[in-house]
Amino acid sequence: MSTAILAHLQASTRAEAMLDASARIQSLRRERWIDYPRASQALLKLEGLLEMPPRARMPCMVLHGDSNIGKTLIVAKFQREHPDRFDEVKGVERRDVVGMQMPATPDQHRFYSALLFELGAPHSASASLSVLERLARELLRRIAPRMLIVDEVHHLLAGNYREQRASLNLLKFLANDLKFSIVVVGTADAPLALASDPQMISRFTPFEIPRWRESDDLRRLLGAFERVLPLRKPSDLMQRSIAQFIHVASGGLTGEIARLLKEAAALAVLDGSEHITLAHLEHVAIADH
């Protein structure tokens, strides 16, 4: 089969569609970035924060949405677009964006330990809070990031009121001290985690990634997926019956949509049909229950 007849696929996927079944099924397991309007808006917001000149009160953002809605993929793409680089003049590594996860049990000691781990800094877990804080601040000044991204910020809710306030004050302190923007990422509860501090509410602009509704936007998303799944025949994923089924079966979650389509595509490769049908999607959905 010639790649010339695979017109339903984007150019970079056509060669992949010519591989054998096992190679294509393996390729379906990797993450694929699919652009859609809300994700593009989020990336533009992040870019705007990154380009913000240092000021006394740095603007920040809370990126929130249900679990498996695609927040982590958005953040990962943004970080890929801003890789680490080496400053040969000063002989130090520069990182425009530093990413970390809020510890499941949020306290200042665990926060700085997690941050130092992401910075690749050897440290003793038994060191005092003041030692960890000083080391983290020194390293951040040397690396000179313009943004800190803290994922799983809803973990703040696992702490008591005193622990929550201490963690929020820590975030404010870092933003003020190092003059960078902070983006916190979490579930729909993330804004609630910031609500105990009026200053945090005023500084952290909320940006939601909502669940998909049955709409033209959803059908366009499915069309975009079709162009990157290495199947040799068109699936017409934008047709109403398929779009409606995917919407219900996925609960409108981007991650679930991607999983359903990749597993259905694998079935289409294995049975030789080379296109996703409603029967494939139903098989995947039934297997989940």
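Colleague: Which residues does His8 touch, not counting residues up to four places away in sequence?

Modeller: This is a predicted model, and in it His8 touches Glu226, Arg227, Leu231, Arg232, Lys233 and Pro234, leaving aside residues up to four places away in sequence. His8 itself is found in the segment before helix H1 (11–17).

Colleague: Why is His8 called buried?

Modeller: Buried means under 20% relative accessible area, and His8 has 16% relative accessibility, so His8 counts as buried.

Colleague: What makes the approach of the His8 side chain to the backbone oxygen of Lys233 a polar contact?

Modeller: The side chain of His8 reaches that backbone oxygen of Lys233 at 3.4 Å, and because a polar contact is a pair of N or O atoms within 3.5 Å, one able to donate a hydrogen and the other to accept it, the pair qualifies.

Colleague: Why are Lys179 and Asp236 called partly exposed?

Modeller: The class lies between the buried limit of 20% and the exposed limit of 50%. Lys179, in the loop between H7 and S6, has 35% relative accessibility and therefore counts as partly exposed. Asp236, found in the loop between H10 and H11, has 44% relative accessibility and so counts as partly exposed.

Colleague: What is noted about the phi of Lys179 and of Asp236?

Modeller: Most residues other than glycine have a negative phi. Lys179 is not a glycine, yet has a positive phi of about 55°, and Asp236, also a residue other than glycine, has a positive phi near 55°.

Colleague: Which residues have the most contacts inside the largest nonpolar core?

Modeller: That core has 49 residues, and those with the most contacts inside it are Ile257, Leu261 and Ile276. Helix H12 (residues 254–270) gives the most to this core, with nine residues. Another core, of 35 residues, lies apart from it and has among its members Phe111, Leu132, Ala136 and Leu170. As for Leu261, its contacts, not counting residues up to four places away in sequence, are Leu222, Phe225, Leu229, Leu237, Ile246, Ile276 and Leu281.

Colleague: What makes S4 and S7 the edge strands of the sheet?

Modeller: The sheet is open, with five strands in the order S4-S5-S6-S1-S7 and parallel pairing. Strand S4 (97–101) and strand S7 (204–208) each pair on one side only, and they are the edge strands.

Colleague: How do you know that S4 and S5 count as paired?

Modeller: Two strands pair if at least two bridges are found between them, and S4 and strand S5 (residues 147–151) have five bridges in the parallel sense, with Val97 standing opposite Met147 in S5. By the same rule of at least two bridges, S5 and S6 pair over four bridges, again in the parallel sense, and Val150 stands opposite Val184 in S6.

Colleague: Why is S6 said to be largely enclosed by the rest of the structure?

Modeller: Six of the six residues of S6 are buried, so the strand is largely enclosed by the rest of the structure. Both of its faces are covered, with Ser181, Val183 and Val185 buried on one side and Ile182, Val184 and Gly186 buried on the other. Strand S1 (residues 60–64) is joined to S6 by four bridges and runs parallel to it; there, Val183 is the bridge partner of Met61.

Conventions
Residues numbered from 1 in each chain as written. Predicted model: local features only at pLDDT ≥ 70, side-chain atom pairs only at ≥ 80, totals over all residues. Heavy atoms only, no water. Core = buried A, V, L, I, M, F, W, Y, C linked by side-chain atoms within 4.5 Å. Buried < 20%, exposed > 50% of the residue type's maximum accessible area, 1.4 Å probe, protein only. Helix = DSSP H or I, 4+ residues; strand = E, 2+ residues; numbered from the N terminus. Contact = heavy atoms within 4.5 Å.
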